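Subject: Handing over a structure

Dear colleague,

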Amino acid sequence: MIDTQSILDVLRPVQDPELQKSLVELNMIRDVQIKGSQVSFTLVLTTPACPLREFIVEDCQKAVKQLPGVEKVDVTVTAETPKQKDVPDKQSVFGIKNIIAISSGKGGVGKSTVAVNVAVALAKAGAKVGLLDADIYGPNAPTMLGLTDAEIKVQQGKAGDILEPAFNYGVKMVSMGFLINRDQPVIWRGPMLNGIIRQFLYQVSWGSLDYLIVDMPPGTGDAQLTLIQAVPIAGAVIVTTPQNVSLLDARRGLKMFQQMGVNVLGIVENMSYFIPPDLPDRNYDIFGSGGGQKASQELQVPLLGCVPLEIPLRIGGDQGIPIVISDSESASAKALTAIAQQIAAKVSIAAYA
C-alpha cells in the first residue's frame, strides 16, 4: 500500500543541495496526495529564484518512483523565502524579509546596472522585490528602471509622512531622483544623508517584500555606515571590473563590510569582456581578465558571476528597459539572472545557518 508516510520516507534522503538538509526535515514537502498510481505533492523552496529548482524536482520524482505501484509523480513548486535573523540594537523594516546591499569600491563599474537587473531578475522569478536607491548624490536607478518621470505620492501616517514607492517590472523603488529636479545637485553633509536613507527605509510603504535591494553609492562612507548601523543586512555584494585599479578599491569595500560584521555574499565581475555586435562569437578583454576570480580566491569569498559588456546592456540602461527584460537570451542577461539566483540561494543559506 502506498501512503503518505511511505512517500515521506523515500523523500527523506533527498536534500536541498544548498542547505544540505533533508527536504522532509525542512518541511519543504507538503500536501501529499495519492490517487491510485499517481502521487502529487507540493515542493516549497526557500526562494522563487532557486538555481537548482529543476534538479530538486527531478530528484524528488526519481525517489518516489522507486515505490512499487507508482507510475506518475506530479510536483507543484512554490516558495517561502525565509526572513533574515534579527540583530540586537538594529531595527528591522516591517514586512521586509531580507535586505541586500549592492556596493562597489569606486564609481563607474556598473554597480547600478547590476543592482537594477538583479532586482528585476528576482521579480521575474516570482519574488516580491524592492529597490532602494541609496546613491543620493548620483541617483541613476530611476532612469535604468524606466521611471524617470515617475511621481512619488506622500501619505500621512501615524509617525509622519509615508512615501508610496514607484513601481515597474515587478519592482517597487524609491530614489532621491524622484524628489529633486533632473539637473539639481544634492549638496549635503553626512547627517542629512543619514536622515534620507533612514526615511527611505522606515517611511516608505514597502509592503511585504522577500528582498530589498539597496543600490549603494561607491566607496566606504556615510551611506554604508548608516545602512549597516540601522538595519540587519542579509548580505552585501561587491561589484568590480577586472581592472587592477577597480579591484584595489573593491577589496577595501569588501573589507569594510566584513569588519562591520556584514556577511559578504560574493563578488560580481562586471565588464568582464566585450562582445562586439557584429562578431558575437568573439570577446575582448578591454579591462583585463581574471581579476574577479583572483580577488575571490585571495579574499575567500565566492565569485557570483562575470557579466560581459554588450551594447544592448548599455542601451537598455539608457532607455529604461533592463537587459533581463529586453533581451533575456543575451550573454549579459543570462549572467545577471544567474547572479540573482546565486544571491537568493546564499541569502537562504544564511537565514537557515
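In which sense do strand β7 and strand β11 pair, and over how many bridges? Strand β7 (residues 129–133) and strand β11 (residues 171–175) pair in the parallel sense, over five bridges, where two strands pair if DSSP finds at least two bridges between them. Helices (H or I, at least four residues) and strands (E, at least two) are DSSP runs, numbered from the N terminus.

Please keep in mind that this is a predicted model, in which local features need pLDDT of at least 70 and side-chain atom pairs count only at pLDDT 80 or more, while totals for chains, interfaces and linings use all residues. Residues are numbered from 1 along each chain as its sequence is written, and side-chain values use heavy atoms, with hydrogens and water left out.

The sheet

An open sheet of eight strands, with mixed pairing, runs in the order β10-β11-β7-β12-β6-β13-β14-β15. Its edge strands, each pairing on one side only, are β10 (166–168) and β15 (303–309). Within the pair described above, aspartate 133 stands opposite serine 175 in β11.

Helix α5 (residues 190–202) packs on the sheet and touches β7, β11 and β12 (211–215), contact meaning heavy atoms within 4.5 Å; the direction of α5 makes about 170° with that of β7. Axes are lines fitted to C-alpha atoms, for helices over the stretch in contact, and angles run from 0 to 180 degrees between N-to-C directions. Helix α7 (residues 244–259) lies across β6 (99–104), β13 (235–240) and β14, and runs at about 170° to β13.

Two helices

The axes of helix α3 (residues 111–124) and helix α11 (residues 331–352) come within 9 Å and cross at roughly 75°, and α3 and α11 are therefore roughly perpendicular to each other (65 to 115 degrees). Among the residues that make this contact are Val114 and Asn117 of α3, and Leu336 and Ile343 of α11.

The largest pocket

About 450 Å³ of space lies in the largest pocket, a pocket being, on a 1 Å grid over the protein atoms alone, an open set of points where a 1.4 Å probe fits, with protein on both sides within 12 Å along at least five of seven lines. The volume is the space filled by probe spheres set on the points, which are joined across faces, edges and corners. This pocket is lined by 27 residues (those with an atom within 4 Å of a point), and Gly110, Lys111, Ser112, Thr113 and Met144 lie nearest its centre.

With best regards

Key: Parallel < 35°, antiparallel > 145°, perpendicular 65-115°, else oblique.
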